[in-house]
Amino acid sequence: MANDASAVFDARSPAVSDNPLADPFSPPADSALWRKNFLLGAATASYQIEGAVNEDGRLPSIWDTFSATPGKVLAGDTGAVACDHYHRWEADIDMLVSLGLEGYRLSIAWPRVMDAAGVPNRKGLDFYKRLLNRLKEKGVTTFVTLYHWDLPQHLEDRGGWLNRDTAYRFADYADLMSRELAGTVDAWATLNEPWCSAYLGYGNGHHAPGLADGRFATQAMHHLLLAHGLAIPVLRANDPASQKGIVANIGRGTANSDSAADQRAAHLFEVQHNAWILDPLLKGAYPQDLFELWPGTEPLVLDGDMQTIAAPLDFLGINYYFRTNVASDGGHGFREVPLEGVERTQMGWEVHPDGLRDLLTGFRRTYHNLPPIYITENGMASDDKVIDGHVDDTQRISFLKRHLAAVDQAIKAGVDVRGYFLWSLMDNFEWAFGYERRFGVVHVDYSTQKRTVKRSAELVAKFLKERGARV
């Protein structure tokens, strides 16, 4: 999308100034972002940046298999090399530190750290130990996600998340990692976006492992959440000083009209995208409306499962990207009705900062035990190009400013939001979209692996330097 998309920006959220010397990022003086204890960082994920898929004992993952299958990933791209972070991690950390970013959210590649029999892979473990020790030496707060979609292929061969045993194997993996890495991790997240793992992986086949069945999706989700619940007490026992939580992607659904049918459609959209995950975690039960939307897909739930899933959380990670406008499908579901004349990203997603604020304040009303929140991913893809050594990602700058303003509004409304992670630190393998879609605040030339800091990152760094001088 062209950088002059400011013509359709929300009038309540000013667009980037046309003056290139102006600072369009710095928040107002009363913003919570100026608080010293509001964490501002960046996020990545193992399969999207590491590469080195066949090195030092790493086993194949479902994404190695899926991306090597013709027609599954745009342009036939794979994560085999990605950003070559496995070999360039020291320089990447130096880059992160040079930007003044206070937190780094990364994930561990399960296939890199243990073999099919559960025996630790020392070379893989040592990679993460070196990485995390360096981050701690540099004073960076570390958020570590145990599962960001790269399930070992040998577990998928035994049924993957459709097999209840995978939840217990995940607990074993969590046990190993929290014993090995205790003291280097400030916050553990068990899962990243179980909605994507369950629905995109098993419900419609758009992600690995590429299965498509509604009953598969709900059963996979149950085993994912069970894995989370089994891991939480293990993490608490092995690394008591760290925070423990989970990361959920959330979606804002709005109705295409005031009709009761369309309002119901918007409600069901948010049940499917939000309550499907948050209700089991925070209420100990699945929303029954989900099975109105998907009749006959109730998962097999054994005695004690829901209590295990509802283990208390120290934090909830929230990933937010866009709003979806929906209408009734004439039955018990919804259909998307794209709005005209709205700002969109390279992904085709509508830019709608108010949706983040509205969801956060809504969760505070709905869940009386809502834990402290970190925005663990927020960002946008644009067709960024290096011109004369610079990347002027004007739309991203405005996107970030407006979404941070939405977070600030939620905080002022009483939501306990404690930090925000940019997605992503650098351009990377964007799953089924390969390398075409660029989400990073640092540009990556995949042919040379050259990193170029974008203007958005420069402005974030400038703000953090100013905040450091104030407090």
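Tyr 446 is partly exposed, at a relative accessible area of 22%, whereas Tyr 435 is buried, at 16%. Here buried means under 20% relative accessible area, exposed over 50%, and partly exposed in between, with a 1.4 Å probe and protein chains only. The model is predicted: local features need pLDDT of at least 70, side-chain atom pairs count only at pLDDT 80 or more, and totals for chains, interfaces and linings use all residues. Residues are numbered from 1 along each chain as its sequence is written, and side-chain values use heavy atoms, leaving out hydrogens and water.

**Aromatic residues**

- The whole structure holds 31 aromatic pairs; rings of Phe, Tyr and Trp (its six-membered ring) pair if their centres lie within 6.5 Å, and planes under 30 degrees apart count as stacked, over 60 as edge-to-face and the rest as tilted.
- Tyr 86 and Phe 127 form a tilted pair, 4.6 Å centre to centre with 40 degrees between the planes.
- Tyr 86 lies in helix 3 (residues 85-98) and Phe 127 in helix 5 (residues 122-137), so this pair ties together parts 41 residues apart in sequence.
- Both Tyr 86 and Phe 127 are buried.
- The ring centres of Tyr 435 and Tyr 446 are 4.6 Å apart and the planes stand at 55 degrees, so this pair is tilted.
- One aromatic cluster includes Tyr 435 and Tyr 446, together with Trp 431 and Phe 429.

**Overall form**

- Of the 471 residues of the protein chain, 60% count as buried.
- The C-alpha trace spans about 60 × 60 × 45 Å along its principal axes.

Definitions and conventions
Helices (H or I, at least four residues) and strands (E, at least two) are DSSP runs, numbered from the N terminus.
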